[in-house]
Amino acid sequence: MKPEQINTPYKPTWCPGCGNYAIWVALKNAVTKLELDPAKVVVSYGIGCSGNENNFVGTYTFHSLHGRPVPPANGIKMVNHELTVIAVSGDGDAYAEGGNHFIHACRGNHDITYLVHNNAMYSLTTGQASPTSQKGMPSKSTPEGVLERPLNPIALALTAEASFVARGFSGKEEHLTDLIAKAIQHKGFSLVDILQPCVTFNKLNTFHYYYERVYDLQKEGYQPDDKEKAFKKAQEWGERIPIGIFYREKRPSYHSELFQIKEKPLVGQNLAGIDITKSMKEFV
Ligand SMILES: Cc1ncc(C[n+]2csc(CCOP(=O)(O)OP(=O)(O)O)c2C)c(N)n1
Ligand code: SF4
């Protein structure tokens with residue numbers, strides 16, 4: 001299968017030059033690289049320019065509410081853990097409105113891959129500051145500059161016990177494809193925070209800004225096997241910005257320890273003998 005075969009009849013409506021294009025391509029590339037059947041892949045989207053990708057990916061998709069793509073993704077994986085389940089958010093979606101879901105999916109080690117299009121901006125709503133906007137950055141909601149310090153998604157994921165923590169850059173599509181493929185293959189919760197320039201509203205974190213700063217952790221021999229080392233690396237942001245895998249550990253995923261479904265997903269179980277009429281009457 002070729003990546004273009006995962007297209008839909010709809011063409012992306014993102015601004016020309018937007019960093020979302022390369023993430024869209026990298027996702028399709030990763031699915032084909034791993035020879036996954038698109039009919040067995042589900043992508044759950046939040047709301048945002050990032051979430052609009054829902055219309056352009058020909059796997060199964062689910063368009064949730066703002067900040068809410070993770071709970072449906074967890075649910076889908078538990079009901080049918082033979083599916084590959086991916087959640088996609090913007091940084092506002094993931095780290096503000098959906099921050100609680102993010103934290104608890106990390107510690108639960110739900111077997112999903114979370115791709116966060118991090119443009120440090122609320123872009124669909126035309127350029128308000130987000131949790132990852134840099135201090136001092138002017139935006140529509142902070143004309144005098146952001147007062148808060150930015151949230152550090154990598155450090156937060158490590159604190160919340162995520163078992164795979166990585167950062168990609170949409171200006172390095174091949175590297176990003178490889179990261180997404182590795183994140184999908186990981187058994188447990190995987191975060192790929194993706195530096196994604198919003199060419200329309202974020203005039204600070206541009207492609208040029210990142211090209212000058214990013215370097216590949218793995219090319220420098222960094223091994224992602226030590227949490228303390230990962231915490232230290234997660235603090236690096238400035239002249240040099242690391243991309244690649246910060247941390248990876250093997251540990252059982254949520255569904256693999258849940259006794260009702262660990263042997264067989266819910267969809268494969270015979271539920272014929274269970275009478276749900278009472279519950280239907282009460283709740284429907
Ligand atoms: C609960 C809720 N709050 C706010 C909104 C309005 N809203 C829609 S998209 C969006 C911002 C999206 O920003 P981000 O998640 O960073 O994604 P991007 O557009 O940058 O990809 C907001 C605030 C909403 N739909 N629902
Ligand atoms: S507003 Fe920004 S994130 Fe949204 S499509 Fe345009 S460039 Fe991309």
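**Backbone, helix packing and ligand shells**

Asparagine 109 is buried, because 23 other C-beta atoms lie within 10 Å of its own, and 20 or more is the cut-off for that class. The model discussed here is predicted. Asparagine 109 sits in the loop that runs between α4 and β4 (113–118). Its phi is positive, about 55 degrees, although the residue is not a glycine.

Threonine 126 also has a positive phi without being a glycine, with a value near 70 degrees. Threonine 126 belongs to the loop between β4 and α5 (153–159). Is threonine 126 buried or exposed? Threonine 126 counts as exposed, because it has 11 C-beta neighbours inside 10 Å and the exposed class takes 12 or fewer.

Helix packing comes next. Two packed helices are described by the angle between their axes and by the distance between those axes. Helix α2 spans residues 70–79, and helix α4 spans residues 99–108. The two pack at an angle of about 35 degrees. Their axes are 9 Å apart. On the α2 side, the contact is made by Val70, Pro71 and Asn74. These residues meet His101, Phe102 and Ala105 of α4. By class, this contact of α2 with α4 holds four nonpolar and two polar residues. No charged residue takes part in it.

The shell around ligand 1 consists of 18 residues. Gly48, His66, Gly90, Gly92 and Asp93 are the closest of them. Which helix gives the most to this shell? Helix α3 (residues 91–97) does, with four residues. The shell around ligand 1 divides into ten polar, five nonpolar and three charged residues.

Trp14, Cys15, Cys18 and Asn20 are among them. By class, the shell around ligand 2 has seven nonpolar and four polar residues. Charged residues are absent from the shell around ligand 2, whereas the shell around ligand 1 has three.

One annotated region remains. An unreviewed UniProt entry gives the annotation "domain: Thiamine pyrophosphate enzyme TPP-binding" for residues 49–194. Over these residues the chain is 32% helix and 19% strand. The end C-alpha atoms of residues 49–194 are 14 Å apart.

Conventions. Residues numbered from 1 in each chain as written. Chains lettered and ligands numbered in written order. Predicted model: local features only at pLDDT ≥ 70, side-chain atom pairs only at ≥ 80, totals over all residues. Near = placed C-beta within 6 Å. Nonpolar A, V, L, I, M, F, W, Y, C, P; charged D, E, K, R; others polar. Axes fitted to C-alpha atoms, helices over the stretch in contact; angles between N-to-C directions. Contact = placed C-beta atoms within 7 Å. UniProt positions renumbered as here; feature names shortened; annotations may be inferred.
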